Amino acid sequence: ALWSAAVHIVGKDILRFHAVYWPAFLMAAGLKLPAQIFAHGWWTNNGEKISKSLGNTVDPVELVSKYGIDGLRYFLFREVSFGQDGNFSHDALIGRMNSDLANSYGNLVQRVLSIAQKNLSGIVPEPHELKDQDEKLLQQADGLLATVRQDMDTLMFHRVCEHIWRVIAEANRYVDEEKPWVLKGTDVTRLQTVIYVLLETIRKVALLTQPLIPEGSSKILDQLAIPLDERDFTHWATPIQPGTTLPIPQGVFPRFHQE
């Protein structure tokens with residue numbers, strides 16, 4: 001059963017062997033064929049073909065040691081359409097980590113959790129009457145699962161990232177428009193609703209980013225106090241619970257300086 005559902009991911013230069021000869025061997029042996037064969041492209045280094053003779057190989061272990069696994073994984077998923085050739089550079093890697101992870105995703109999580117900690121005693125608030133903008137953001141987050149599943153099935157990982165980060169951008173825009181730091185002194189009831197909407201949005205985003213950036217996603221879900229057994233998609237519709245005590249927030253995605 002596992003074999004019949006397998007997706008073979010191979011380099012495009014050996015596609016003929018895996019799409020013609022290997023299936024022939026399997027058929028001759030009476031074995032099931034792979035469900036899908038996907039040929040990935042090549043990576044270049046600053047526009048040049050990566051080769052030992054040029055001495056421009058890139059050591060992924062060294063990159064992970066320096067930048068962490070999340071940044072490298074996200075860059076590889078996001079930077080290039082899977083299947084196409086892509087170009088690696090340290091500047092592009094650092095740019096993605098700073099822009100998408102630190103400035104966008106990390107900033108959203110940090111400021112929402114910080115406001116909840118400072119102004120709501122670090123407790124998930126009870127939402128009150130939802131306005132149109134609240135419903136819109138919640139619906140956008142909720143709709144991500146079906147959209148992302150379609151792209152995962154076709155190995156369009158860059159589109160998975162695009163869809164998720166579009167909601168992250170909407171959540172950041174929602175924060176700027178609602179100004180929860182002002183609501184503390186003008187409308188506490190509205191503040192509670194806004195923070196709840198944001199916490200629930202972040203919960204769903206973090207569930208979806210687990211395959212892409214596992215360490216950071218786990219830290220975010222920890223800071224939302226989501227139980228370990230509620231981090232799969234069977235709990236997609238299980239909202240964050242009002243009254244839950246949140247731990248002291250900590251930064252998840254560091255910023256890096258260009259080399």
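**Contacts first.** I started with contacts in this predicted model. Taking those with a separation of 6 or more, I found that 76% join residues 24 or more positions apart.

**Overall build.** Next I looked up the secondary structure: the protein chain has 10 helices and five strands. I boxed the C-alpha atoms along the principal axes and got roughly 70 × 45 × 30 Å. Of the 259 residues, 41% are buried.

**Surface and charge.** The accessible surface came out at about 13,700 Å², and carbon and sulfur atoms own 55% of that. I also checked the charges: 25 are positive and 30 negative, and their mean positions sit 3 Å apart.

**A nonpolar patch.** Which residues make the nonpolar surface patch of about 570 Å²? I noted Ile 14, Phe 17, Val 20, Tyr 21, Trp 22 and Phe 25. Phe 17 has 41% relative accessibility, so I put it down as partly exposed.

**Salt bridges around Lys 204.** My count of salt bridges for the chain is 13. I went to Lys 204, which pairs with Asp 142 at 2.8 Å between the closest N and O atoms. This pair links distant parts of the chain, with Lys 204 in helix H9 (residues 188–209) and Asp 142 in helix H5 (residues 132–142), 62 residues apart.

Are the two partners buried or partly exposed? Lys 204 is buried, because its relative accessible area is 8%, under the 20% limit. Asp 142 is partly exposed, because its 39% falls between 20% and 50%.

Lys 204 has another salt bridge, to Glu 200, at 3.9 Å from N to O. Here both residues are in helix H9, four residues apart, which is about one turn of the helix. Glu 200 has 6% relative accessibility, so it goes in my list as buried. I then saw that shared partners tie Asp 142, Glu 200, Arg 203 and Lys 204 into one network of salt bridges.

**One more pair.** I also looked up Glu 178 and Arg 190, whose side chains form a salt bridge at 3.0 Å, N to O. Glu 178 is in helix H7 (residues 157–178) and Arg 190 in helix H9; they are 12 residues apart, and the pair links distant parts of the chain. I checked their cover too: both Glu 178 and Arg 190 are buried.

Definitions and conventions. Residues numbered from 1 in each chain as written. Predicted model: local features only at pLDDT ≥ 70, side-chain atom pairs only at ≥ 80, totals over all residues. Heavy atoms only, no water. Patch = residues over 30% accessible without salt bridge, like charges linked within 9 Å, V, L, I, M, F, W, Y side chains within 5 Å. Areas by Shrake-Rupley, 256 points an atom, 1.4 Å probe, with all protein chains shown as cover. Salt bridge = Lys/Arg side-chain N within 4 Å of Asp/Glu carboxyl O. Buried < 20%, exposed > 50% of the residue type's maximum accessible area, 1.4 Å probe, protein only. Helix = DSSP H or I, 4+ residues; strand = E, 2+ residues; numbered from the N terminus. Contact = heavy atoms within 4.5 Å. Lys, Arg positive; Asp, Glu negative; His and termini not counted. Charge placed at Lys NZ, Arg CZ, Asp CG, Glu CD.
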